[in-house]
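Visitor: I have a structure open and would like to go through it piece by piece. Can we start with the strands?

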Amino acid sequence: MTAKPDLSPDTATVQIRTVAVVFACACAVGACILVADADLQDGFQVWDIFRAVLILLTTGWLAWGAALGLTGLWPKRRSVPPHAASSTASTVVLVPICNEDPVATFARIAAMDRSIHEAALHLDIVILSDTRSAENQAAEQAAFRMLITETNGAGHIFYRNRLENHGRKAGNVEDFIRKSGGAYDYAVTLDADSLMSGAALGEMIRQMDADPKLGLLQTLPQITGAQSFFGRAMQFAASFHGPIFTRGLERMQGSVGPYWGHNAIIRIPAFAQSCKLPELSGKPPFGGHILSHDYVEAALLARNGWRVIADSSIDGSFEEGPENVLSYAKRDRRWCQGNLQHMRLLLAPGLAGWSRFVFVQGIFAYLVSVFWAVFLISTVSGAILAPEPDYFPNAYQLFPVFPSDRSREILALALGIIGLLILPKFAILLNAAISGRACGFGGVYRSLVSVVSEILLTSALAPIMLAYQTRAVLQVLSRQDGGWPANARGEGTLTFADAARSSFWIVMIGMLALVATWLLAPALLIWLLPVTLPMIAAPLLISWSSKPLGPHPFITPTEIDVPPVVGAFREIHARWRSDLGAAEIHTARPTELTHVPT
Amino acid sequence: MAVPMGSLNVEMKDRGETGSGLLCDDPATWGPPEAPLDMPYQQLERSPRRFDILMQLRLLFTGQRI
């Protein structure tokens, strides 16, 4: 069972990694030189070192992201033949849940079961419940009865509730594998909001059959069902840009790919052999259970010689996304803690170099917000504390020497950074227009409008996200454990009051920064307005972007041509809701119809 | 065919089935088949290397009861 094949990257992978690293380093060094050159005009200060290092790191990170997008532009050749003999492997679909809306979750399972039968597959489905309250367990059991009646699924759809929730979701799956894993060859891991078509599941099984060294295959789930401005923008971005960035990642990672915890298939013997996670010594947030377990499990599979790959070309993989900034920030807080915990694992024995690099990327994804915040603070501080210009540095000097104006260099830097952010998105738009992919998004013109709208929205929200991420990092670094609360799915519109309560501190920081800059460094005011104004308008932006949006902006292929499994879910869910009636809906807590995040 | 919550009332059997495609009443029987699999713990943390002075002394003075 111990595979231990050579997972070292092939020549093409090494070349593409080298190009991406060189590109990121060149951009970072260029930005660093521009900032250092501008800073040193008024003499050397300690802030100058800070700013040079911070711009090096942040620009390098942006350029690395841009490189992922750009390297994904070229289509990939399929290496596995499209048709193969029918599989003899035994596969189970795992749905770990904890305090989810059982009616919606089980309606998804009913839709998947229907799709599985249509694809002539014979798979078991197991609902792994970690729900603790008796009331919620009763609601799940009632929904399970509905599921079995709907699907005639007794004998191949199972439900079990764990007595102890040791290890959260990773522990839940592990518990199943230890007790029942011997009955199956493969397991498809899902989230409560996951949907996968039978065809997608069949393709994943076929790829696992075709490659006995493949330990894990990750699909790229498309977001469906978004209603709000924010949710629809995220849904569009995931559908339009996501596959290209993921393809870049696929090229870069070789056989040491990612696991995102759901919408993936695992080889059970490999997973059992490699992925029993220990508790880390010490207390949370850095000790205890490993929160972002998926990255670690992927690294452990690779450590034991199993290939881990992502395949963005598999259609029929879906999930739902956050509908507003607050639920996004809440999820981000969990992920931040999980990723920063990986600092403990950077030197874990035997890991592949790329696995360590993936950990570094995950950590950096959150630290970079702090770096940007410190860069802005140090820029303002440097301007305030800068010495007065010395117009007559030499004795007996006839004419004054004016400090050279470096506005042009600073403008070039700002444009370069903006370019790194938006260049890949417009390159993807051009690619979609040429390849015809834009037709699925309503045509080239509507794709352009959607891309520009998404860039404007994310730019306006960026300072708010930066504030939430910086707070999350500081909380974790000051050892505040945020726990791992259940996902808030399907939440509704936020009122201005809801948004103001959660973002009051961001407004205060924005106002303070604006007033301080105006009084102490007025020359910087205009440069900081794109940061301070959105912070001051945070409640307005958060509540406005959570409002429902019509179906036309940000249209995606799954809305133009609704996939059968998504349509089946909606039909079953609506029918069950209707049959249950309003009274019973409110007893089945928590529910996606009534939940509002705090 | 959809049925309101709690309206089903059928008899128990192994693995949740009644034999007629319906479900037993006891949720404890609804679980998957048992087929245990061993999952060995994975080592993720390097054991801290402590300078053990007694061990060094034992190496230096082999045979002594240190």
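Visitor: In β10(A), which residue is the bridge partner of A:Gln222?
Guide: A:Phe318 of β10(A) is the bridge partner of A:Gln222. This is a predicted model.

Visitor: How many bridges join β7(A) to β10(A)?
Guide: Two bridges join them, and the strands run parallel. Strand β10 of chain A covers residues 317–319.

Visitor: What sheet do they sit in?
Guide: An open sheet of three strands, in the order β5-β10-β7 of chain A, with mixed pairing. Its edge strands are β5 (195–196) and β7 (222–223) of chain A, each pairing on one side only.

Visitor: And the sheet that has β6(A) in it, what is the strand order there?
Guide: The order is β3-β2-β1-β4-β8-β6-β9 in chain A, seven strands forming an open sheet, again with mixed pairing. At the edges are β3 and β9 (307–311) of chain A, and each of these pairs on one side only. Ignoring direction, neighbouring strands in this sheet are turned by 20° against each other on average.

Visitor: Who pairs with β6(A), and in which sense, parallel or antiparallel?
Guide: With β8 (residues 264–267) of chain A, strand β6 (residues 214–219) of chain A pairs in the antiparallel sense over three bridges. With β9(A), the pairing of β6(A) is parallel and has five bridges. A:Leu217 has a bridge partner in each neighbour: A:Ile265 in β8(A) and A:Ile309 in β9(A).

Visitor: Why is β9(A) described as largely enclosed by the rest of the structure?
Guide: Because four of the five residues of β9(A) are buried.

Visitor: Which strands does α5(A) lie across?
Guide: β1 (91–97), β2 and β4 (186–189) of chain A. The helix runs at about 145° to β1(A).

Visitor: Which of its residues are buried?
Guide: The buried residues of α1(A) include A:Ala20, A:Ala24, A:Cys27, A:Ala28, A:Ala31 and A:Leu34. A:Asp39 is also buried. The buried residues pack against α2 (46–71), α8 (242–253) and α13 (407–435) of chain A.

Visitor: Now chain B. What is in it?
Guide: Chain B has one helix and zero strands. Of its 66 residues, 11% count as buried.

Visitor: How many residues of chain A are in contact with chain B?
Guide: 45 residues of chain A are in contact with 31 residues of chain B. Several elements of chain A supply at least two residues each to that side, among them β2 (124–129), α4 (134–151), β3 (157–161) and α19 (564–587). The largest share, nine residues, comes from α4(A). On this side of chain A there are 23 nonpolar, ten polar and twelve charged residues.

Visitor: Last one: what is the mean pLDDT of chain A?
Guide: The mean is 89, and 90% of the residues of chain A reach 70 or more. Over residues 585–598 of chain A, though, the pLDDT is below 50. That stretch has 29 contacts in the model beyond near neighbours in sequence. Where pLDDT is low, the predicted coordinates should not be read in detail.

How values were computed. Residues are numbered from 1 along each chain as its sequence is written. Chains are lettered from A and ligands numbered from 1 in the order in which they are written. This is a predicted model: local features need pLDDT of at least 70, side-chain atom pairs count only at pLDDT 80 or more; totals for chains, interfaces and linings use all residues. Two residues are in contact if their C-beta atoms, placed from the backbone, lie within 7 Å. Ala, Val, Leu, Ile, Met, Phe, Trp, Tyr, Cys and Pro count as nonpolar, Asp, Glu, Lys and Arg as charged, and the others, Gly among them, as polar. A residue is buried if 20 or more other C-beta atoms lie within 10 Å of its own, exposed if 12 or fewer, and partly exposed in between; C-beta atoms are placed from the backbone. Two strands pair if DSSP finds at least two bridges between them. Axes are lines fitted to C-alpha atoms, for helices over the stretch in contact, and angles run from 0 to 180 degrees between N-to-C directions. pLDDT is the predictor's confidence in each residue, from 0 to 100.
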